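Here's a quick tour of a predicted model. Have the viewer open and follow along.

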Amino acid sequence: MRDNFHSPDASPRPGFFFGARALPPGPGFVQRAAMRLRLCTWNVNSVRLRAEQAARFVAEQAPDILCMQEIKCREGEFPREAFVEMGLPHLKIAGQKGWHGVAIASRLPIEDAPPLEVCREGHARCVGGIIAGVEVHNFYIPAGGDTPDRTENPKFDHKLDFYEKLTAELARRDPKAPLAVVGDLNVAPGEFDVWNHKYMSKIVSHTPAEIEAFAALKASLGFIDLVRETRPEPEKLASWWSYRAQDFRVSNRGLRLDHILVTPGLKDAAFRLGAAASRIHDDVREWERPSDHAPVSADLVL
């Protein structure tokens with residue numbers, strides 16, 4: 001997965017305008033510059049612990065939008081100044097003491113977006129905003145506990161309820177509108193998104209009920225999975241590896257839990273350079289004191 005990033009040679013620099021699309025000179029001549037918008041998602045597993053890593057990642061990869069999950073702090077405890085120094089001064093934060101929490105840090109201003117409050121427990125698991133005309137919703141969907149049974153395990157029931165409510169809300173939207181759903185969605189949806197499909201089909205994160213819920217979410221607006229568009233099956237991909245393994249590459253028991261899904265309204269933006277450009281930054285998982293998740297990025301050309 002180290003080089004799972006297909007980026008055309010002509011890819012514009014982060015946040016910079018490039019080229020032009022124009023009609024032939026004469027009446028009706030129109031010139032419109034395009035902008036590359038790099039959208040990233042990362043379960044940081046405590047933003048205060050990972051602030052230095054976030055700064056390094058931002059310096060190396062130049063995201064325009066960084067969506068974070070499990071920030072594990074309240075809004076007033078969020079390290080705002082660190083993100084201002086990174087060049088991501090615009091923030092939307094939904095925090096919670098000690099648990100959960102999501103945030104969006106952006107180079108560009110963030111406008112309010114219609115809320116998608118679908119967590120029945122009232123946890124800080126979703127935050128949204130409109131950036132450069134793109135509606136972005138950042139989610140930390142419940143992991144679901146250990147037992148894949150809705151009756152016996154309230155956490156698993158909560159997870160599926162979250163998916164059901166979110167799917168129902170999104171189904172009311174216009175698929176032609178530019179909307180992205182990103183985050184730690186806590187489902188590895190495909191056979192090649194887990195290290196062992198047969199074994200994992202009985203384990204929470206890859207059970208048939210969860211795969212069905214994820215598929216229903218995708219179908220609600222015809223969402224496009226940009227990572228899989230870039231690296232199609234049967235290549236195995238993962239964005240999470242347990243801390244239990246001393247060397248996650250040797251054990252290689254990863255799951256693809258982190259996703260960037262976009263509506264058909266963003267298809268042209270995602271494929272404007274000829275192919276989708278999305279990447280799992282698995283090298284970040286090798287850094288000192290890492291999160292157990294790796295960042296995921298995708299480029300849109302607007």
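Does C40 count as buried or exposed, and what is its relative accessibility? C40 comes out at 0% relative accessibility, so it counts as buried.

C40 is in none: its nearest cysteine sulfur belongs to C67 and sits 8.6 Å away.

Five of them make up an open sheet with mixed pairing, running in the order 6-7-8-10-9. Strand 6 (126-131) and strand 9 (224-225) are the edges, each pairing on one side only.

At the strand 9 end, the partner is strand 10 (residues 258-262), and the two pair in the antiparallel sense over two bridges. Look for I224 there: its bridge partner in strand 10 is V262.

## Two cores

The largest nonpolar core has 36 residues, and the members touching the most others are L39, I65, L226 and I260. Leaving aside residues up to four places away in sequence, L226 touches I260, V262, A270, A276, S278, A298 and L300.

There's also a second, separate core of 23 residues, with C119, F156, L179 and L261 among them.

Key
Residues numbered from 1 in each chain as written. Predicted model: local features only at pLDDT ≥ 70, side-chain atom pairs only at ≥ 80, totals over all residues. Heavy atoms only, no water. Pairing = 2+ DSSP bridges. Helix = DSSP H or I, 4+ residues; strand = E, 2+ residues; numbered from the N terminus. Core = buried A, V, L, I, M, F, W, Y, C linked by side-chain atoms within 4.5 Å. Buried < 20%, exposed > 50% of the residue type's maximum accessible area, 1.4 Å probe, protein only. Contact = heavy atoms within 4.5 Å. Disulfide = S-S within 2.5 Å.
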